[in-house]
Amino acid sequence: IEGCGTVLAHPRYLQHHIKYQHLLKKKYVCDHPSCGRLFRLQKQLLRHAKHHTDQRDYICEYCARAFKSSHNLAVHRMIHTGEKPIQCEICGFTCRQKASLNWHMKKHDAEASYQFSCSICGKKFEKKDSIVAHKAKTHPEVLIAEALAANGGEVISTPTPEKKIALLCVPQLKPPLWLPEPIKSPLVGVCANMSTDTNTLH
């Protein structure tokens, strides 16, 4: 037979390759009208035929949901167990399926071309304005520290009606904090709803 150039690590693997890729003919035909695919083994045809029916033999022991293949059941079961065995080598993102990782990697491919980066964590963005929103959402504690440094270190965690001063609400922290106005260095991207009535603060 004519070789295909495939390199294998062991003679046994080579024999298996020759048998199933070159000697065995694809004689099992899918009889579905819109298909007609050929298979070398009958079990391959039977497994494939399930895609054309609604036959679901694999049942989840947690929620009784049924699946057409054991692979789909195994992936689904991870939702119940919390397993995420596939991990991104760049950022540590974890997922259940390789398809999800491939989709995730497109994000890194796009970020590689971005010009603007966060001065705190280094994450890149396509637009400079996106860094403002990112810092307010991801690094509010840094913004608070900058505001405190510019405001003499004063912070109000529980404002009272007696304090008739303008306050700046910073809801990103849990619990929210209030900074006295005026802020010499503005809190970029942080909620700036101010009121002299502390009872109306959100």
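Helices (H or I, at least four residues) and strands (E, at least two) are taken as DSSP runs and numbered from the N terminus. On that basis, the span of residues 116-139 is 42% helix and 17% strand, and its end C-alpha atoms lie 16 Å apart. The model is a predicted one, in which local features need pLDDT of at least 70 and side-chain atom pairs count only at pLDDT 80 or more, whereas totals for chains, interfaces and linings use all residues. Residues are numbered from 1 along each chain as its sequence is written, and side-chain values use heavy atoms, with hydrogens and water left out.

The protein chain as a whole has 6 helices and 11 strands. Of its 202 residues, 25% are buried, where buried means under 20% relative accessible area, exposed means over 50%, and partly exposed lies in between (1.4 Å probe, protein chains only). The accessible surface of the chain comes to about 14300 Å², and carbon and sulfur atoms contribute 53% of that surface; such areas come from the Shrake-Rupley method with a 1.4 Å probe, and for residues only the protein chains shown count as cover.

The UniProt record, an unreviewed entry, carries the annotation "domain: C2H2-type" for residues 28-57, 58-85, 86-113 and 116-139. UniProt positions are given in the numbering used here, feature names are shortened, and annotations may be inferred rather than shown by experiment. In the span 58-85, the end C-alpha atoms are 21 Å apart, with 43% of the span in helix and 14% in strand.

Helix H1 (residues 11-23) contains Tyr13, and His17 is also placed in H1. Tyr13 counts as partly exposed because its relative accessibility is 43%, whereas His17 counts as buried at 15%. Leaving aside neighbours within four places in sequence, His17 is in contact with Cys4, Thr6, Leu8 and His22.

Arg37 is found in the loop between strand E1 (28-29) and strand E2 (38-39). This arginine is partly exposed, with a relative accessible area of 47%. Apart from neighbours within four places in sequence, Arg37 is in contact with Tyr28, Val29, Cys30 and His48. Its C-alpha atom is separated by 9.9 Å from that of Lys27, 10 residues apart along the chain.

The structure holds 3 salt bridges, each defined as a side-chain nitrogen of Lys or Arg within 4 Å of a carboxyl oxygen of Asp or Glu. One of them pairs Asp57 with Lys50 at 3.4 Å, N to O; Asp57 counts as partly exposed at 41% relative accessibility, and Lys50 counts as buried at 18%. Another links Arg56 to Asp54, whose closest N and O atoms are 3.2 Å apart. Arg77 and Glu61 likewise meet in a salt bridge, at 2.9 Å from N to O. Because Arg77 lies in helix H3 (residues 70-81) and Glu61 in the loop between strand E3 (58-59) and strand E4 (66-67), this pair ties together parts that are 16 residues apart in sequence. Ala64 is also found in the loop between E3 and E4. Although Ala64 is not a glycine, its phi is positive, at about 70°, and the residue counts as exposed at 55% relative accessibility.

A disulfide is a covalent bond between the sulfur atoms of two cysteines. Here the term is applied to a pair of cysteine sulfur atoms within 2.5 Å, and a search of the whole structure finds 0 disulfides. The sulfur of Cys35 is 3.7 Å from the closest cysteine sulfur, in Cys30, and this is too far for a bond. Cys121 is in no disulfide either, as the nearest cysteine sulfur, that of Cys118, is 3.8 Å away. Cys35 is partly exposed, with a relative accessible area of 27%, and Cys121 counts as partly exposed at 43% relative accessibility.

How values were computed
Contact means heavy atoms within 4.5 Å.
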